[in-house]
Amino acid sequence: GNLNAPKIVISAHIDAKIGTPGAIDNATGVSVLLLLSELLKEYNGPYLLELVAFNGEDYYGVPGQMKYIEQHEGNFEKVLLNINIDGAGYKSGISAFSPFDLPQEIQIHFDQMLQKHQNIELGEPWVQGDHSIFVQFGRPAIAVTSSWFIENMECQDVTHTPKDNPEIVNYERLPEIALAITDLVNLIN
């Protein structure tokens, strides 16, 4: 494809705090990224697809974000959309996709995707994730997580603890999320 084409950046962070298995923060996000690498390998649309595994999101100074900013400084206008997966696949509830400043043409496709996927709902915006750098640079973004995570963000005691282990994951959520993102990417033409 055209290397100067606008790009859709799909991201998840690969690090976890010391002392935690990091199941939903963020092994599930990395799993979805890997599923997407397979589901989107035949993508032939007008945009570049960039799958990004950030490192250091769970640590002060977010070195992965800083490196990405350094490498892409002056080129953020090429980002059509960021989709960031973090905290996805919690055992109770469904998945939430939280949009940030979607242009109308993407918002229409986002709404179509929500209609089609019954285990995905519109989520409230939240800023504690790698999508925040794209939002700060004025780019549209969608943060993908668990509805439970949004509802309990201020009081949850799972992430960054030993409780963030594979027993808290509903593995059915991961392919649902990957298929919904694939549908959205294919709708955006």
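**Helix 2 and the cores**

Colleague: Where does His72 lie?

Modeller: His72 lies in helix 2. Helices here are DSSP runs of H or I with at least four residues, strands are E runs of at least two, and both are numbered from the N terminus. This is a predicted model, where local features need pLDDT of at least 70 and side-chain atom pairs count only at pLDDT 80 or more, while totals for chains, interfaces and linings use all residues. Residues are numbered from 1 along each chain as its sequence is written, and side-chain values use heavy atoms, with hydrogens and water left out.

Colleague: Is His72 buried or exposed?

Modeller: Buried, with a relative accessible area of 15%. Buried means under 20% relative accessible area, exposed over 50%, and partly exposed in between (1.4 Å probe, protein chains only).

Colleague: What is His72 in contact with?

Modeller: Lys7 and Glu50, leaving aside neighbours within four places in sequence. Contact means heavy atoms within 4.5 Å.

Colleague: Which other residues of helix 2 are buried?

Modeller: Helix 2 spans residues 63–72, and Gly64, Gln65, Tyr68 and Ile69 are buried along with His72. Seen down the helix axis, the buried residues fall within an arc of 135 degrees, so they line one face of helix 2. That arc is taken from the directions from the helix axis to the C-beta atoms.

Colleague: What do they pack against?

Modeller: Strand 1, strand 2 (48–54) and helix 4 (131–136). The face turned away from the buried side carries exposed Glu70 and Gln71.

Colleague: New topic. How many aromatic pairs are there?

Modeller: The count comes to 7. Rings of Phe, Tyr and Trp (its six-membered ring) pair if their centres lie within 6.5 Å; planes under 30 degrees apart count as stacked, over 60 as edge-to-face and the rest as tilted. Tyr68 and Phe76 form an edge-to-face pair, 6.0 Å centre to centre with 75 degrees between the planes.

Colleague: Which cluster do ring pairs make?

Modeller: Ring pairs link Phe54, Tyr68, Phe76, Phe134 and Phe137. Tyr68 is buried at 5% relative accessibility, and Phe76 is buried at 4%.

Colleague: And the largest nonpolar core: which residues touch the most other members?

Modeller: Ile10, Ile83, Phe97, Ile142 and Ile181, out of 31 residues. The largest share of this core, 7 residues, comes from helix 6. A nonpolar core is a set of buried Ala, Val, Leu, Ile, Met, Phe, Trp, Tyr and Cys residues joined through side-chain atoms within 4.5 Å.
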